[in-house]
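Subject: The structure we talked about

Hi,

Here is the structure I promised to pass on. Have a look at it first, and then read my notes below.

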Amino acid sequence: MSQKMEYNVAQLLKESPGASRDHTLDQEMAFDEGAPERVWGKLRFMRTAEGVWARVVVDVKANLTCSRCLRPFSQTLHLAFDEEYLPTVDVNSGLALDVPKSEEEESLTIDGQHMLDLYEAVRQYRIAEAPMKALCRPDCRGLCPVCGARLYEGDCQCQRKVADPRWAALRDLLTSDR
């Protein structure tokens, strides 16, 4: 399984600012050593004065785990973002270029063979778009806190009313006859 979403932008880098190319994307990708996920959508690359502006609008069929019942499920995440990629090598002369880097943000670059790789940006936006507490369905009942049974399969037969022994003294005050 490839971990790249590479596009050759050499010809686009030779054109004047404003030139663009449209692409469609439909492939399986494995993010962070997980199971492959389908990524599909539209891409537009536009030449800027410094590099290539990438407008990405894709959907990802994400593999998630329910935070209540721990059951795996899939959910479609919609990603839409714009990023500018800067070349590391001049397309005409082949000379190395200085790519400005700030401490807060690492710039996205086009490699020495003029390949623009969207993988890292898509991976980061996919992580940001994933729900913090994924639910397989809104009414998921989760797991029984006593026996661990999955409550989506039905009620369990365990005794759920387990009292915390640290509260026994207070419970005795409520039940004692005065």
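Before anything else, a word on naming: helices (H or I, at least four residues) and strands (E, at least two) are DSSP runs, numbered from the N terminus. Keep in mind that this is a predicted model: local features need pLDDT of at least 70, side-chain atom pairs count only at pLDDT 80 or more, and totals for chains, interfaces and linings use all residues. Residues are numbered from 1 along each chain as its sequence is written, and side-chain values use heavy atoms, with hydrogens and water left out.

Now the overall picture. The protein chain has three helices and seven strands, and from the N terminus on they come in the order β-α-β-β-β-β-β-β-α-α. Along its principal axes, the C-alpha trace spans about 95 × 35 × 25 Å. The radius of gyration of the protein chain is 26 Å, while a compact globule of 178 residues would be near 16 Å. (That radius is taken over C-alpha atoms, and the globule rule is 2.2 Å times the number of residues to the power 0.38.)

Of the 178 residues, 31% count as buried; buried means under 20% relative accessible area, exposed over 50%, and partly exposed in between (1.4 Å probe, protein chains only). As for contacts (heavy atoms within 4.5 Å), among those between residues at least 6 apart in sequence, 53% join residues at least 24 apart.

The structure holds three aromatic pairs, and one of them, Phe 31 with Tyr 119, is stacked, at 5.6 Å centre to centre and 10° between the planes. This pair links distant parts of the chain: Phe 31 is in the loop between strand E2 (20-29) and strand E3 (37-47), Tyr 119 is in helix H2 (residues 119-129), and 88 residues separate them. For the cut-offs: rings of Phe, Tyr and Trp (its six-membered ring) pair if their centres lie within 6.5 Å, and planes under 30 degrees apart count as stacked, over 60 as edge-to-face and the rest as tilted. Phe 31 is buried at 7% relative accessible area, and Tyr 119 is buried too, at 12%.

Two arginines of H2 also reach Phe 31. Arg 123 lies in helix H2 and is buried at 17%; leaving out residues up to four places away in sequence, Arg 123 touches Phe 31 and Asp 32. Arg 126, in helix H2 as well, is buried at 10%. With neighbours within four places set aside, the contacts of Arg 126 include Phe 31, Glu 37, Val 60 and Leu 79.

There is one more arginine to look at: the charged end of Arg 38 sits over the ring of Trp 40, 4.2 Å from its centre. That label applies if NZ of Lys or CZ of Arg is within 6 Å of the ring centre and within 35 degrees of the ring normal.

Next, the cysteines. How many disulfides does a search of the whole structure find? It finds zero, where a disulfide is a pair of cysteine sulfur atoms within 2.5 Å. Cys 144 is in none, and its nearest cysteine sulfur, that of Cys 158, is 3.4 Å away. The sulfur of Cys 156 also has Cys 158 as its closest cysteine, at 3.4 Å, so it is too far for a bond. Cys 144 is buried at 4%, and Cys 156 is buried at 15%.

Two backbone spots are worth a click. Most residues other than glycine have a negative phi. Leu 70, in the loop between strand E4 (52-65) and E5, has a positive phi near 65° and is partly exposed at 48%. His 114 has a phi near 65° as well, but sits in the loop between strand E6 (108-110) and strand E7 (115-117) and is buried at 13%.

Last, Ala 80 in strand E5 (residues 72-87) is exposed at 51%. Beyond its neighbours within four places in sequence, Ala 80 is in contact with Val 56 and Val 57.

Cheers
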